[in-house]
Amino acid sequence: MSPDGQRQSRLPHRTILVVDDDPGVRRVATRILVAQTYQVLEAEDGARAVEILAEKPEQVDLVLTDVVMPVMNGRELADAIAQRWPHVQLLFMSGYAGDEIVGRGLLDPGTPFLRKPFTPALLAIAIRSVLAA
């Protein structure tokens, strides 16, 4: 039990890399995930995310990434991750509807996706779902 009397999660330590070009989105997602007891790293674009993964390849369990970003979009980041770090799981997020993202060829149907804006509960559920898969 924690000092406030609530049960603490007994899930294994997990690290999530949050990738979004909007610092506000990164900040909110990080706060939510830290409150859920995840370790969090942040990157402002796909290129920086690749640098972080290269520095800590075994530390990152999941990448939560925006789909539409400058420099390297989420799909390009996912392709780089699949080639170099196939153990890392992915959850995409976007302010665009999932059907629109799929229709534009940015994601394949059935890809784990979370629509922005999201609530803390929806983010927690999506993260747990992807990590459990």
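Here are some notes on this structure, which is a predicted model, written as points to follow with the 3D view open.

1. Start with the overall layout. The chain has 5 helices and 5 strands.

2. Next, the chain as a whole. It has 133 residues, and buried ones make up 44% of them. The accessible surface comes to about 7,400 Å², and carbon and sulfur atoms account for 52% of that surface. Now take the contacts between residues at least 6 apart in sequence: 63% of these join residues at least 24 apart.

3. Now find W85. Where does W85 sit? Look in the loop between α3 (74–84) and β4 (89–94). Is W85 buried or exposed? Its relative accessibility is 6%, so W85 counts as buried, because the cut-off for buried is under 20%.

4. Stay with W85 and look at what surrounds it. Leaving out residues up to four places away in sequence, W85 touches V50, L53, A54, P57 and A80. Pick out L53 from that list. W85 and L53 are 32 residues apart along the chain, yet their C-alpha atoms are separated by 8.2 Å.

5. Which residues does S94 contact, once neighbours within four places in sequence are set aside? They are D66, V67, I101, F113, L114, R115 and K116. Of these contacts, F113, L114 and R115 belong to β5 (113–115), while D66 belongs to β3 (62–66).

6. Now a pair of helices. Two packed helices are described by the angle between their axes and the distance between the axes. Here the pair is α1 (residues 23–35) and α5 (residues 120–132), whose axes come within 10 Å and cross at roughly 70°. How do α1 and α5 lie relative to each other? They are roughly perpendicular, because angles from 65 to 115 degrees count that way. The crossing of α1 past α5 is right-handed.

7. Zoom in on where those helices meet. From α1 come A29, I32 and L33, and from α5 come P120, L123 and I127. Sorted by class, the contact of α1 with α5 has 6 nonpolar residues, with no polar and no charged ones.

8. Most residues other than glycine have a negative phi, and most peptide bonds are trans. With that in mind, look at the bond joining K116 and P117: this peptide bond is cis, with omega about -5°. P117 itself is in the loop between β5 and α5, and K116 is one of the residues in contact with S94 from point 5.

9. T37 is not a glycine, but its phi is positive, about 75°. You will find T37 in the loop between α1 and β2 (39–43). With a relative accessible area of 56%, T37 is exposed. V71 is not a glycine either, and it also has a positive phi of about 75°. V71 lies in the loop between β3 and α3. Is V71 buried or exposed? At 65% relative accessibility, V71 counts as exposed, because exposed means over 50%.

Notes: Residues are numbered from 1 along each chain as its sequence is written. This is a predicted model: local features need pLDDT of at least 70, side-chain atom pairs count only at pLDDT 80 or more; totals for chains, interfaces and linings use all residues. Side-chain values use heavy atoms; hydrogens and water are left out. Helices (H or I, at least four residues) and strands (E, at least two) are DSSP runs, numbered from the N terminus. Buried means under 20% relative accessible area, exposed over 50%, partly exposed in between (1.4 Å probe, protein chains only). Contact means heavy atoms within 4.5 Å. Accessible areas come from the Shrake-Rupley method with a 1.4 Å probe; for residues, only the protein chains shown count as cover. Axes are lines fitted to C-alpha atoms, for helices over the stretch in contact, and angles run from 0 to 180 degrees between N-to-C directions. Angles under 35 degrees count as roughly parallel, over 145 as roughly antiparallel, 65 to 115 as roughly perpendicular and the rest as oblique. A crossing is left-handed if the near helix is turned anticlockwise from the far one by less than a right angle, and right-handed if clockwise. Ala, Val, Leu, Ile, Met, Phe, Trp, Tyr, Cys and Pro count as nonpolar, Asp, Glu, Lys and Arg as charged, and the others, Gly among them, as polar.
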